[in-house]
Amino acid sequence: MITDARVPLTHQQPCSTAYEQMLEKVRYEGAYPTRERAEEAVRVVLAGLGRQLTGDERGDLARCLPLEAARVLTVQVPDTQPLAGRDFIKDLATRSGASLATTRWDTGAVFAAVTAHAGPDLTNRVLQQLPTDWALLFGQAELTPAA
């Protein structure tokens with residue numbers, strides 16, 4: 001089991017239970033009829049995110065996620081340049097064979113669960129590494145640089 005030194009062991013759950021809870025959150029957020037459909041969305045979206053993230057944020061995010069989800073994220077080789085949010089959705093749609101609307105829906109459901117695991121500080125660090133339109137994919141207002 002991966003542990004996080006910031007979270008007391010009494011508050012951590014076995015990975016399989018944490019992953020099941022993550023899938024249930026995605027299933028609820030995405031209104032998916034089955035657990036399998038939710039898991040498919042998790043795998044596609046986290047693989048795509050894994051191709052976009054580098055550095056400390058990638059490792060920190062992996063440590064926050066259940067082991068099964070962390071593996072999907074970290075097995076991917078990051079691209080040299082992150083895609084804009086709209087291009088990320090197009091790339092996932094092409095890879096999965098789903099429509100753009102379905103892919104956008106899946107992404108929102110998965111990122112809601114990712115945000116719940118990561119918390120606001122890490123989510124903001126992840127978003128600062130990506131193009132500004134990614135904030136919308138995470139259900140947040142688009143980030144703009146301070147003047």
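**Note on an aromatic cluster and one buried glutamate**

1. Phe88, Phe111, Trp134 and Phe138 form one aromatic cluster. The model is a predicted one, and the points below should be read with that in mind.

2. Searching the whole structure gives 4 aromatic pairs. In one of them, the ring centres of Phe88 and Trp134 are 4.4 Å apart and the ring planes stand at 45 degrees, so this pair counts as tilted. Phe88 belongs to helix H5 (residues 85–96) and Trp134 to helix H7 (residues 134–137), so the pair ties together parts that are 46 residues apart in sequence. Phe88 and Trp134 are buried.

3. Phe111 and Phe138 make another pair. Their ring centres lie 4.1 Å apart and their planes are at 10 degrees, so this pair is stacked; the cut-off for stacked is under 30 degrees. Phe111 sits in helix H6 (residues 100–129), while Phe138 is in the segment after H7. The two residues are 27 residues apart, and the pair links distant parts of the chain. Phe111 and Phe138 are both buried.

4. A separate point concerns Glu57, which is part of helix H3 (residues 55–64). Is Glu57 buried or exposed? Its relative accessibility is 17%, and buried means under 20%, so Glu57 counts as buried.

5. Which residues does Glu57 touch, leaving aside those up to four places away in sequence? The contacts of Glu57 are Leu122, Arg125, Val126 and Gln129.

Notes
Residues are numbered from 1 along each chain as its sequence is written. This is a predicted model: local features need pLDDT of at least 70, side-chain atom pairs count only at pLDDT 80 or more; totals for chains, interfaces and linings use all residues. Side-chain values use heavy atoms; hydrogens and water are left out. Helices (H or I, at least four residues) and strands (E, at least two) are DSSP runs, numbered from the N terminus. Buried means under 20% relative accessible area, exposed over 50%, partly exposed in between (1.4 Å probe, protein chains only). Contact means heavy atoms within 4.5 Å. Rings of Phe, Tyr and Trp (its six-membered ring) pair if their centres lie within 6.5 Å; planes under 30 degrees apart count as stacked, over 60 as edge-to-face and the rest as tilted.
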